[in-house]
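This report describes one protein chain, from its overall make-up down to single residues. The sequence and the structure are shown first.

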Amino acid sequence: MGYIDEIIGRYKSVRSIRELNHIYTQRYALVGLGNHCVSNLLPVIQYLQLPLKYICCTSEKKAGLISQKYKGVKGTTSLQDILNDDTVSGVFVAANPHSHFHIANEVIKAGKSLFIEKPPCENERELKSLTDTVKLYGSKHIVVGLQRRFAPATQILQKRLRIGRGRHYHYRYLTGLYPEGDALLDLFIHPLDYVTFLFGKARVKAAEEMRSKDGTQTLFLMLEHQGITGMLELSTDYSWQDAQEQLSISTDKGQYVLDRMERLDFSPRHSAIWGIPLEKVFQNNATVVSLYGRNGFVPTIGNNQIVSQGFFSEIQAFADMVENRCEDNHAFCLESVKHVYSLMAEIKKYMNIIDDHIL
C-alpha cells in the first residue's frame, strides 16, 4: 500500500505543478458586460488567470463599479482606450450583437487578436468586409465564439463520423419566445453553424416558416450536404425553462444521439440478411454505448456545464493562440463561418418568398 500511495502522491504532485506552470503573460480586455459575459466568459477568464486589464461597457455607472468588483481591472466606456494600449494583446468582444461588426473591425485595424462572440456580423457583406480587413491589416489570431464547435462531445462526434459514412440527420432546436432580436441570426445560427461545421456546406432543398400572432417563429428545413441530408426544426414556439436541443445522426455504423451537448450516445446498427432485420428474428436487448456524459457526482472543472457546452475550450484555445502556445486553428476563424452565413442568406430568400406568397 505504501508503494501505491507514493505513486498516487507523485501523480498528484506532477499534475499540480503542471497546472501551476500554465501561466498566461499577455494582457487582455473584455468588451461587453452582459449576462453572458458574467455567467460564461468571466468565470473561465478568471479560472485561467488571464491578465485582464480592461472591461469596457456603455454605462458610466457600471464602469465605476467594475474596478471595485474585479481587482486589478479598469472599467471604461472608451473602446479607444483599449485600442490605443499597446500592452493589450487580445480582446474579447461580447457586446450587443448589432455592434459586433463595428467593434471587430476596429480591433482588427488596431492589430490586436480578436475573440468575437456570435454573431460576428449581420450578413455576408459584412463578413467579407471583416475578412478583407484581416487581409489588409495582417493576420492576427481570431476566434469566432460559436461554442458548440469546442464542446467535448463535438470532438468525440467528429472522430466517430470519420469512421462511418453519414446517411441522414434530424436536428431539433426549440426555445421560448424571442422578442429582443432576430431569431435566425441570434439563435438559429447555433444549429445551422453546427451542421455546416460537422457536414460541410449545405443548400436548402425545402423550407417552411410559421409565425404566430404572439411573435413565435418556427422553421422546418431540409438541408443537403455532400453525402448527407438533414431535417431541422428550429423554433421559438416552446419554452426557455425546458429548451430542447437534440441531434440524431444515422450512419452506416449506427445511430448517434447528441442531447444538449451534455450527452452523446451510440447505438450500433442491427444486422440484416437479404433485407430481413435479424432483430425481429432473434430477440435481444438493444445496445446503447455512452460516449460522453457529465459526471454530476464529481464536482471537477471537467464536469462543469461551462466545459460541456464549449465555453471553457473556446477561451482557452484563443488565449493559447495569443500566447503562441499553438498554431492558429483556421477551423474557428472568420472564414470558417462563411458557409453558415451563405446558408442563412439562402434561408432568408425562402422566408421572403413565403411572405410574398402569403401577401
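Helices here are DSSP runs of H or I with at least four residues, strands are runs of E with at least two, and both are numbered from the N terminus. On that basis α5 covers residues 100-109, and just after α5 Gly 111 takes a positive phi of about 80°. The model is predicted.

**Overall make-up**

The chain contains 13 helices and 16 strands. Its radius of gyration is 23 Å, close to the 21 Å that the globule rule gives for 359 residues, so the chain is as compact as a globular protein of that length. Along the principal axes, the C-alpha atoms fill a box of roughly 80 × 70 × 40 Å. Of the 359 residues, 46% are buried. When contacts between residues at least 6 apart in sequence are considered, 67% of them join residues at least 24 apart.

The chain exposes about 19,400 Å², and 52% of that comes from carbon and sulfur atoms. There are 41 positive and 39 negative side chains, with the centres of the two sets 4 Å apart.

Helix α5 is mostly covered, as seven of its 10 residues are buried. The buried residues are His 100, Phe 101, Ile 103, Ala 104, Asn 105, Val 107 and Ile 108. They pack against the strands β1 (27-31), β4 (88-93), β5 (113-117) and β6, and also against the helices α4 (79-83) and α6 (124-137).

In α7, the buried residues are Pro 152, Ala 153, Thr 154, Leu 157 and Leu 161. Their packing partners include the helices α9 (189-199) and α11 (305-308). The strands they pack against are β11 (244-251), β12 (254-259), β13 (263-268) and β16 (289-293).

**Two loop residues**

Arg 148 sits in the loop between β6 (142-145) and α7 (152-161). Leaving out residues up to four places away in sequence, Arg 148 touches Thr 154, Tyr 173, His 190, Tyr 194, Glu 245, Met 261 and Gln 309. One of these, Thr 154, is also among the buried residues of α7.

Ser 139 lies in the loop between α6 and β6. Ser 139 and Leu 48 are 91 residues apart in sequence, and their C-alpha atoms are 25 Å apart in space.

**Aromatic pairs**

The structure holds 11 aromatic pairs. One of them joins Tyr 47 and Phe 312 edge-to-face, at 5.7 Å centre to centre and with 65° between the planes. This pair links distant parts of the chain, since Tyr 47 is in helix α2 (residues 35-48) and Phe 312 in helix α12 (residues 311-322), 265 residues apart. Ring pairs also link Tyr 28, Phe 92, Phe 115 and Phe 318 into a cluster.

**Accessibility of single residues**

Which of the residues discussed above are buried, and which are exposed? The table gives the values.

| Residue | Relative accessible area | Class |
|---|---|---|
| Arg 148 | 9% | buried |
| Phe 312 | 10% | buried |
| Tyr 47 | 47% | partly exposed |
| Ser 139 | 62% | exposed |

Buried means under 20% and exposed over 50%, with partly exposed in between. At 9%, Arg 148 therefore counts as buried. Phe 312 is buried because its 10% is under the 20% limit.

Conventions: Residues are numbered from 1 along each chain as its sequence is written. Side-chain values use heavy atoms; hydrogens and water are left out. The radius of gyration is taken over C-alpha atoms; the globule rule is 2.2 Å times the number of residues to the power 0.38. Buried means under 20% relative accessible area, exposed over 50%, partly exposed in between (1.4 Å probe, protein chains only). Contact means heavy atoms within 4.5 Å. Accessible areas come from the Shrake-Rupley method with a 1.4 Å probe; for residues, only the protein chains shown count as cover. Lys and Arg count as positive and Asp and Glu as negative; His and the chain ends are not counted. The place of a charge is taken as NZ of Lys, CZ of Arg, CG of Asp or CD of Glu. Rings of Phe, Tyr and Trp (its six-membered ring) pair if their centres lie within 6.5 Å; planes under 30 degrees apart count as stacked, over 60 as edge-to-face and the rest as tilted.
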